[in-house]
Amino acid sequence: MLLPVLFALGAALSNALATVLQRKAALTVPKSEGLRVGLILDLLRRPVWLAGIVAVITAGICQAVALATGPITVVQPLFVLELPLALVIAAALLQGRLSRAGWLAVGTVVAGLGVVLFAASPEGNRTQVPMTHWIPAVAVCVAAVAALVVAALRRPEGRGRAACFGLATAISYAMTAALMKTSMHTLDDGGVTAFFTTWQTYGFALFGVCALFFLENAMQSGPLVASQPALTLGDACVSLALGITVYAEYVRTGWWLIPQILGAALIAAGVLALSRLPLARRLASEEKEQPEQGTAADAGTPAP
């Protein structure tokens, strides 16, 4: 179990680093009110942005290895650490610092995750999944995503719309991981040819693209405090459900559900607190300028 945990942590760290590096690069390019064709060309000349792309690729490789060697019910919940890691890195690279409340929230997320994983004690690493498991799983996830997108589009910009898009992103990410797990086992058993001829490879690519699209819409639709908890907790919960129903993985039930619920509540509280920090809003491009002095003091970020 150590190998998938280490690679999952590596993926979370790489994703967090990529987020910060790409945000840092975005702050150095000329601003524009609309779409600008030359944006990518400007970013390509920034080593920081290129380093962010390398971090994204590294995260994908680490996640693939983690899913190939361990249960999805262990690997995906570890990705709740992305936001805390991103804020810690951002504090160093974006000339800020985490306040005591920020560090407390980081500790709360880590503690909650530890409680959940210890109480659940996930087991199992099925390598082959019959179509009788895939068909209902894909159908339910696609229907849920479609319903959430429709609900989001019917709402005005704000927290409700951002939360719907955030949950749609979470389901897409969870489905991407579930399909990627089978693809990695196919690659290990049958080689490159088998990998590119199995439908799961194209399935996880499609869900991955959709996840990125929904994520961008979530960020643009409303505040991070609305989309991030839905994304973080939704990904973990849906991945847990897919691990149990599709891959026949096992988690402890009975009275063990009590500490699991407690751990999930700690994660939710920590993520909610972190997403309220000005540093988190700045990382999500919600704050275009430096915060005012009063806000900076509250957040632990030096005032201009």
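Q: Before we count anything, what counts as a helix or a strand here?
A: Both are DSSP runs: a helix is H or I over at least four residues, and a strand is E over at least two. The model itself is predicted.

Q: What about contacts, what share join residues at least 24 apart?
A: It's 80%, counting contacts between residues at least 6 apart in sequence.

Q: Switching to α9, how does the distance between its end C-alpha atoms fit with its 23 residues?
A: They agree: at 1.5 Å a residue, α9 (residues 199–221) should span 33 Å, and its end C-alpha atoms are 33 Å apart.

Q: Which residues of α9 are buried?
A: Among them are Phe204, Phe207, Ala211, Phe214, Leu215 and Ala218, plus Gly203 and Gly208.

Q: And what do those pack against?
A: The buried residues of α9 pack against α7 (131–153), α8 (159–197) and α10 (224–245).

Q: New topic: how much space is in the second largest pocket?
A: About 330 Å³.

Q: Which residues lie nearest its centre?
A: Val116, Cys237, Leu240, Gln260 and Ala264, out of 16 lining residues. α6 (100–120), α10 and α11 (257–275) each supply at least two residues of that lining.

Q: How does the lining split by class?
A: The second largest pocket has 14 nonpolar and two polar lining residues, and no charged ones.

How values were computed:
Residues numbered from 1 in each chain as written. Predicted model: local features only at pLDDT ≥ 70, side-chain atom pairs only at ≥ 80, totals over all residues. Heavy atoms only, no water. Contact = heavy atoms within 4.5 Å. Expected span 1.5 Å × (residues − 1). Buried < 20%, exposed > 50% of the residue type's maximum accessible area, 1.4 Å probe, protein only. 1 Å grid on protein atoms, 1.4 Å probe; cavity = no way out; pocket = protein on both sides within 12 Å on 5 of 7 lines; lining within 4 Å. Points joined across faces, edges and corners; volume = space filled by probe spheres on them. Nonpolar A, V, L, I, M, F, W, Y, C, P; charged D, E, K, R; others polar.
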